[in-house]
Amino acid sequence: MSRLLIVHHTASPTLQELFESVRQGATTDEIEGVDVVTRAALRATAVDLFEADGVILGTPANLGYMSGALKHFFDTVYYPCLEETRRLPYGLYVHGNNDTTGAIRAVESITTGLGWQRAHPPVTVTGAPGKDDLAACWELGATLAATISPG
């Protein structure tokens with residue numbers, strides 16, 4: 001069985017909605033053979049990444065950057081995972097009140113350094129999420145799960 005890790009910083013009701021949509025997509029009945037594991041960014045470890053076949057990252061855009069919690073996650077796993085997780089497929093969702101550009105740029109810079117492979121374009125949501133935003137998050141989860149599915 002493959003393992004999909006969702007590392008998230010869910011600091012608001014809006015981010016909770018996005019997270020739930022991602023998780024629902026990743027656990028859809030149409031995709032078999034994928035175990036979905038969720039970890040809060042402050043609790044996720046290098047071991048979680050070593051055991052993962054793919055990862056989805058979720059963060060708010062805070063002052064033009066990813067959350068401190070997601071940055072802390074990257075700070076703690078970067079060197080232990082540098083060689084071991086190369087080519088790991090990943091996806092990203094970001095919520096911001098105004099702009100998500102800096103947060104996306106920061107995450108993509110780090111994932112490039114780790115050698116991860118983007119499996120889906122980043123899902124960006126500004127303001128309150130609409131029906132299309134939630135559908136895009138569902139699609140992100142489903143796409144990453146299908147990418148690593150053994151069947």
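1. A word on terms before we start: a residue counts as buried when its relative accessible area is under 20%, as exposed when that area is over 50%, and as partly exposed in between. Arginine 3, at 26%, is therefore partly exposed. Please keep in mind as you read that this is a predicted model.

2. Staying with arginine 3, its side chain meets that of glutamate 51 in a salt bridge, at 3.0 Å from N to O. The two residues are 48 apart, and their pairing links distant parts of the chain: arginine 3 belongs to strand S1, while glutamate 51 sits in the loop between H2 and S3. Glutamate 51 is partly exposed too, with a relative accessible area of 41%. The pair also belongs to a network of salt bridges that links Arg3, Asp35 and Glu51.

3. How many salt bridges are there by this rule? The count comes to seven. Another of these joins the side chains of aspartate 48 and arginine 39, at 3.2 Å from N to O. Here aspartate 48 is buried, at 8% relative accessible area, whereas arginine 39 is partly exposed at 30%.

4. Glutamate 83 is exposed, with 57% relative accessibility, and arginine 86 is partly exposed at 33%.

5. Next, helix H1, which takes in residues 13-26. Its 14 residues reach 20 Å from the first C-alpha to the last, close to the 20 Å expected at 1.5 Å a residue. The buried residues of H1 are Thr14, Leu15, Leu18, Phe19, Ser21, Val22, Gly25 and Ala26. Viewed down the helix axis, these buried residues fall within an arc of 160°, so they line one face of H1. What covers them includes the strands S1 (2-8), S2 (34-40), S3 (54-62), S5 and S7 (123-126), along with helix H5 (131-148).

6. On to the nonpolar cores. Which residues have the most contacts inside the largest one? They are Leu57, Phe73 and Phe74, in a core of 30 residues. Two or more residues of this core come from each of S1, helix H2 (46-50), S3, helix H3 (68-81), S5 and H4. Apart from this core lies another, of 20 residues, including Ile6, Leu15, Ile31 and Val34.

7. Setting aside residues up to four places away in sequence, phenylalanine 74 touches Leu57, Met66, Val107, Ile110, Thr111, Leu114 and Trp116.

8. Strands S5 and S7 run parallel and are joined by four bridges. One of the partners to look for is threonine 124 in S7, which pairs with valine 94.

9. Finally, where does threonine 100 lie? Look in the loop between strand S5 (89-96) and helix H4 (101-114). Although it is in a loop, threonine 100 is buried, with a relative accessible area of 6%. Its contacts, leaving aside neighbours within four places in sequence, are Ala61, Val94, His95, Thr124, Val125 and Thr126. Two of the names on that list, Val94 and Thr124, are the bridge partners mentioned in the point above.

Technical notes:
Residues numbered from 1 in each chain as written. Predicted model: local features only at pLDDT ≥ 70, side-chain atom pairs only at ≥ 80, totals over all residues. Heavy atoms only, no water. Buried < 20%, exposed > 50% of the residue type's maximum accessible area, 1.4 Å probe, protein only. Contact = heavy atoms within 4.5 Å. Expected span 1.5 Å × (residues − 1). Arc of directions from axis to C-beta. Core = buried A, V, L, I, M, F, W, Y, C linked by side-chain atoms within 4.5 Å. Pairing = 2+ DSSP bridges. Salt bridge = Lys/Arg side-chain N within 4 Å of Asp/Glu carboxyl O.
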